[in-house]
Amino acid sequence: MDDPFNIFDAQPPKKSRVEQVAGPESSLLPLVRAFVVQNARRTSEDLLPQLAGSASSGAAASGAAPTSVADDLESLVALLQMESPKERADSIAPATRIEAATWSLLSQRGAWPHVAWREAYVLSQWVLSYTDAVRNAPTDALRRLDRAFILGGPSEMLRNAMAVMEAAIDTPATHATPLDAVIDTQPSEKVSSEKVSSEKVSSEKVSPGNAIGSTISTIDPARQIERAAHLTLDAFRPHWRANRPLVLGGLLDDWGAVSKWSLDWFRAVHGHRLVPVELGLMGGSTSRGKPPPAAAFGGKPPAAAAFGGKPPPAAASSETPSWHERTMALSDLIDTYLLPSARGDSAGIAYLAQHALFEQIPSLREDFQPPPHCELGRLQHVNVWMGTAGTVTPLHYDSYDNMLAQLSGYKYVRLYASDQSRYLYVERAAADGGLSAQGNMSSVEELEAPDLERYPLLGKARYTETVLGPGETLFIPARCWHYVRSLSSALSVSFWF
Ligand SMILES: O=C(O)CCC(=O)C(=O)O
């Protein structure tokens, strides 16, 4: 029978399943071929109606003429189906042109004008991952696949392709590559071997003098969210039925992740993987918690709505000085931001937020189990939240119940029940399905120290609050408004059900 608790549409690929006999590129080729053949023609057809708008939209000026991208997509389908490695090598040129044209359009516009442009970019990354594998650069190939994942969403083929390349990185290839004669071989990037620090994601102590202790001391006991340790499913049920928030203790006691997932460990084992990171402070009207854009390839939306309403990372022109996204290696996130934050140095605010890391790196699923309490519904999304001190998730609600599990570090959380919406200056829902399509964002800025002349109704809103600490899990009912500020570097996993 279908396991209703299993949201992941494939089991973690087993090492043995992806062992390479003839070299990673030969395992990768059928996956890349199948994906490109399955999708490129439709993407190419979807691009052509963009022709009319391209002159005015700036697409032509950026070199992203839909016709040439569409033609290049068609060429890729033909070239990848060739049996001859020499012919297949010709796919580098059109794939590189597509990559350059789509990326430059994104950089100019800050967002792709149609999902087909994003698909074209993702297709280019699939093809170039194969050519990277051929030139024996598995880390480069994996990065292409990570970018495809971040922009194109999970698919079984993509996960299997990533597993092939992970295995190739673990076991250096010893084979001759069939295209070596036609593609320049470059030294493969090595996973950083720098000495790793032994610090955990957060080692902050709770004392009245620090941010955690002083925040705890400001919480009025009358507003404190109720807490319970080791609550059975039956004892939890009334809370769930009544949409009553609750902090649960003891749910993570058996998680291997609690002792295993230190920053050292993430850096040593997964530091080479690319992830989308939000940098700077997110403002009240920025879009986390919003619905994902149109799904690429007609399938699932991009990884857990990582780009809900936002431009993809590293689109330079979309950046604001205060908040922007970058795709970076996990090791860079750890070294540049998380370790300094854990040491108490200020290195800037960085957040790997609402990211489907367990789809991207399935082996991580072995280190935790979803709280059994999620069985009251059906598990929908599991996301990771890994960031420095000072991250803020602005006030919003989600349409799912949520178990927010805190692995390490501390977060201040404020909740407003859905009947308080009238005081919360809800952003009006946009008719075009754009940023505020769900109407689930509050436009209040600086929620903890608001300008009550600007938001007079906010003073009437009743709320509850808590500081969520390591090992605790917060039940946030669906449609319950929540605002979260991290008091230290912190790692959480959310289970939407
Ligand atoms: O931890 C955070 O910063 C936000 C969590 C959140 O909004 C969620 O789990 O839905």
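## Strands β1 and β2

In this predicted model, arginine 227 has valine 247 in β2 as its bridge partner, and β1 and β2 pair in the parallel sense over 3 bridges, where pairing requires that DSSP finds at least two bridges between two strands. Between β1 and β2 the chain passes through helix α10 (residues 233-241), forming a β-α-β crossover that is right-handed; that is, with the strands pointing away from the viewer, the path from the first strand over the helix to the second runs clockwise.

Strand β2 (residues 246-249) also pairs with strand β11 (residues 472-476), here in the antiparallel sense and over 4 bridges. Leucine 246 has phenylalanine 475 in β11 as its bridge partner, while glycine 249 stands opposite glutamate 472 in β11.

## The open sheet

These strands belong to an open sheet of 9 strands with mixed pairing, whose order is β1-β2-β11-β8-β13-β6-β5-β3-β4. Because β1 (227-229) and β4 (323-329) stand at the edges with a single partner strand each, one side of each is left without a neighbour in the sheet. On average, neighbouring strands of this sheet are turned by 25° against each other, direction ignored.

Helix α13 (residues 330-343) lies across β3 (274-280), β4 and β5 (350-355), and runs at about 120° to β4. Axes here are lines fitted to C-alpha atoms, for helices over the stretch in contact, and angles run from 0 to 180 degrees between N-to-C directions.

## Surroundings of the ligand

The ligand is surrounded by 12 residues, the closest being Trp385, Thr393, Leu404, Val484 and Ser494; a residue counts as near if its C-beta atom, placed from the backbone, lies within 6 Å. At least two residues of this shell come from each of β8 (402-408), β12 (481-486) and β13 (490-496).

By class, the shell has 3 nonpolar, 7 polar and 2 charged residues, with Ala, Val, Leu, Ile, Met, Phe, Trp, Tyr, Cys and Pro taken as nonpolar, Asp, Glu, Lys and Arg as charged, and the others, Gly among them, as polar.

## The chain and its conventions

The chain has 14 helices and 13 strands, which are DSSP runs (H or I, at least four residues, for helices; E, at least two, for strands) numbered from the N terminus. Of its 497 residues, 46% count as buried, meaning that 20 or more other C-beta atoms, placed from the backbone, lie within 10 Å of the residue's own.

Residues are numbered from 1 along each chain as its sequence is written. Local features need pLDDT of at least 70 and side-chain atom pairs count only at pLDDT 80 or more, whereas totals for chains, interfaces and linings use all residues.

How values were computed: Contact = placed C-beta atoms within 7 Å. Buried ≥ 20, exposed ≤ 12 C-beta atoms within 10 Å, placed from the backbone.
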